[in-house]
Structures are given as structure tokens and as C-alpha cells.
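Here's a quick tour of a protein model, written for someone who is just starting out. Have a look at the structure first, then read on.

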Amino acid sequence: MPLWAAAFFPALIWVVLVLLIVVLVRWRGGATAGLLSGGVLLVGAQMAIVRANLDHTDWRQADSVNVWVVGMLGAAAVAGLVEWAVIRRGRLRRAGS
């Protein structure tokens, strides 16, 4: 994959994620989780890919990304849970006021 495509593809996914969240916020009338966990997922995926290809002249020589993918998915899940808890706590505070 050329460098421009390697930079464009994750940016395109990020834009789609942001647009989806904006639509959901307008549709549901409040904040929704997803932006933070999506960002952690995309950054983690890029880090895993770059790390696997580091110091290799050809992509076919790249190291395995299995361990990094599991860690990335775990970090994204934790970020999603934290995001959900913060949003829920904010909703409970507003409801109690």
C-alpha cells in the first residue's frame, strides 16, 4: 500500500466514525459512546501495523500482529467502558438535578 493510502484509509474510517456518532447524537438526543474507543482502536491498529513492518524492506517479511491486535482490542474495550460510564454518570447527574 502506498504511503498516501496508508494515511488516507485510517483518516477515512475516522471521518465515517465521527459522522456516524454525530448522526446518532442528533437521532437519540444525547451523547453516545464510541468516539474515544474508536480512536483507541484506530491508533492501536496503526501502531500494530507499523510495529510489524518496522525494520523490514518488504511487507511480506512483516512480523505477526496477533498479540498487538488482542491488546488493541482490549484497550478499545476498556476505553469504551470508561466512555460509557462517564456518559451514564452525566445523564444520572442531569436526571437528579
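What follows goes from the overall layout to a few individual residues.

## Before we start

This is a predicted model, so local features need pLDDT of at least 70 and side-chain atom pairs count only at pLDDT 80 or more, while totals for chains, interfaces and linings use all residues. Residues are numbered from 1 along each chain as its sequence is written, and side-chain values use heavy atoms, with hydrogens and water left out.

## The big picture

What pattern does the protein follow along the sequence? Reading along, you get α-α-α, with three helices and zero strands. Helices here are DSSP runs of H or I with at least four residues, strands are runs of E with at least two, and both are numbered from the N terminus.

The protein has 97 residues, and 20% of them count as buried. Buried means under 20% relative accessible area, exposed means over 50%, and partly exposed is in between (1.4 Å probe, protein chains only). The accessible surface comes to about 7,500 Å², with 72% of it belonging to carbon and sulfur atoms; such areas come from the Shrake-Rupley method with a 1.4 Å probe, and for residues only the protein chains shown count as cover. Now take the contacts (heavy atoms within 4.5 Å): among those between residues at least 6 apart in sequence, 56% join residues at least 24 apart.

Together, W4, F8, L12 and V16 make a nonpolar surface patch of about 460 Å². Patches are made of residues with over 30% relative accessible area and no salt bridge; like charges are joined within 9 Å, and nonpolar side chains (Val, Leu, Ile, Met, Phe, Trp, Tyr) within 5 Å. A handy rule for looking at helices: an α-helix has 3.6 residues a turn, so residues three or four places apart point the same way.

## Helix 2

Helix 2 runs over residues 35-53, which makes 19 residues. From first C-alpha to last, helix 2 reaches 27 Å, close to the 27 Å expected at 1.5 Å a residue (the expected span is 1.5 Å times one less than the number of residues).

Its buried residues are S37, G38, G39, L42, G44, A48 and A52. Take S37: its relative accessibility is 16%, so S37 counts as buried. Leaving aside neighbours within four places in sequence, S37 is in contact with A76, A79, G80 and E83. I49, also in helix 2, is partly exposed at 44%.

## The loop and beyond

Just after helix 2 comes D55, with a positive phi of about 65°. Most residues other than glycine have a negative phi. D55 sits in the loop between helix 2 and helix 3 (66-96) and is exposed at 79% relative accessibility.

How many salt bridges does the structure hold? There is one, where the side chains of R60 and D58 meet at 2.7 Å, N to O. A salt bridge is a side-chain nitrogen of Lys or Arg within 4 Å of a carboxyl oxygen of Asp or Glu. R60 is exposed at 62%, while D58 is partly exposed at 24%.

Finally, N66 lies in helix 3 and is exposed at 56% relative accessibility. N66 and A52 are 14 residues apart in sequence and 9.9 Å apart in space, C-alpha to C-alpha.
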